[in-house]
Amino acid sequence: MSLPLSYDLVMSWDAELTALTERIGRTLFVRPEPRANFADLVRGLLADVPRKNSWQLSDHVGHGTANRFEHLLDRAKWDVEALREQVRDYVVEHLGSADAVIVADDTQAIKKGDRSVGVARQYCGATGQVENCQVMPMLTYASAAGHAFINRRLYLPESWAHDGRRRAAAGVPEEVTFATKPRLVMEILQEELAAGTPFAYLAADAGYGRDPDLRALCHRSERPIAYVMAVPVDLPLVTVTGDGEPAGHVLDRLLALGDVGLWERRSCGQGTKGVRLYDWAAVAVSVKDQAPAPGYGHTLLIRRSVADPDEIEFFLAHARVGTPISELIRIAGTRWKIEENNEQGKDLLGLTQYQVRKWTPWHRHVTTAMLALAFLAVTRANLPDSETDTDQGKAARLPERPH
């Protein structure tokens, strides 16, 4: 559906962006020069620039050289974690809901060479094969109003974590040690819990759902976290007789009883190509050596593709006893929101188009891109009702500012 644009509407976006960058800039910088450079950087990331590195962004906003942006990202004195907190606060202020879902996943930046911090030959979800890339575990905040990134980490492979020379050259802080990607998600999830970020569920793919420590964090009796996470076919479960069995055997046993009545076709959300329909089955299960939180139970969701019945995916849900299966299916579908954020961040906002190599500039660029994405999400949430969710990826360009 088309959106009726007006001059006043577009100019209101410009005024809101200016107010946002000025407000945040005053908390990050003492001097007006870095505040202006920060505002220019955010505006450049939101603009139609082919490659959003410091040189092309500088050219777009009218800087004579890339020196201002390079200094801002590297040598200037400011707290990028304070910016990250303000990004989250801004998202929660405008999109926050007690029913929101936090979605965990990682995105990848394919890079050349071996000097960029954290770059290594490792699995790249964007291509489905091993690439020379950086991996970034991210959190997206998703509510009925919209969705945007609120937290991030840079994964440091063991080859980097134990190499003092490479660490020093890239400026990796001494306190940063090797941690698995699920461990990094646990850290940033705990930051959101400490901040009081409102949400009802955690969603994630099997790379995180298979990790028992992440699940154990969610099972804590003092602060249970409901979740729906994809899990591998060999997730260890316990039968009613106390024997162990992998999750895949549950489906085998159900199919042995007959296919009739097993599957129910349901939507797990709206996608860019319409409603996402799958066949679903659900069964209460016990996870080996992992009891749910008091008042909670585990449910195994089995999803079958309508187009290809051999395409099966398993989800483990941890939710309050009595939670409708339809709600768990809806949460499973929310996982795609972070994939949309990854696509928008890369294609529209230069999330991975940086040419920085060191630890501090990486965090500053990525977090500033998160702010730009948050601004787009909040702007869209305030659009007239004629705008639809399928238009999420279409960014209306702000008017150019004179320099």
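**Exercise 1. Determine how many cavities of 30 Å³ or more the model holds, and describe the largest cavity.**

Step 1. On a 1 Å grid over the protein atoms alone, a cavity is a set of points where a 1.4 Å probe fits but cannot get out, and lining residues have an atom within 4 Å of a point. By this rule, the count is one cavity of 30 Å³ or more.

Step 2. The model is predicted: local features need pLDDT of at least 70, side-chain atom pairs count only at pLDDT 80 or more, and totals for chains, interfaces and linings use all residues. Residues are numbered from 1 along each chain as its sequence is written, and side-chain values use heavy atoms, with hydrogens and water left out.

Step 3. The volume of the largest cavity is about 40 Å³, a volume being the space filled by probe spheres set on the points, which are joined across faces, edges and corners.

Step 4. Its lining includes Leu41, Lys52, Tyr354 and His365.

**Exercise 2. Identify the residues with the most contacts inside the largest nonpolar core.**

Step 1. Such a core is a set of buried (under 20% relative accessible area, 1.4 Å probe, protein chains only) Ala, Val, Leu, Ile, Met, Phe, Trp, Tyr and Cys residues joined through side-chain atoms within 4.5 Å.

Step 2. The largest core has 116 residues, and Phe38, Val117, Leu202, Val228 and Leu300 have the most contacts inside it.

Step 3. Apart from this core lies another, of six residues, among them Cys124 and Tyr155.

Step 4. Leu300 touches residues including Val231, Ala247 and Phe314 (heavy atoms within 4.5 Å).

Conventions:
Buried < 20%, exposed > 50% of the residue type's maximum accessible area, 1.4 Å probe, protein only. 1 Å grid on protein atoms, 1.4 Å probe; cavity = no way out; pocket = protein on both sides within 12 Å on 5 of 7 lines; lining within 4 Å. Lists of a residue's contacts leave out its neighbours within four places in sequence.
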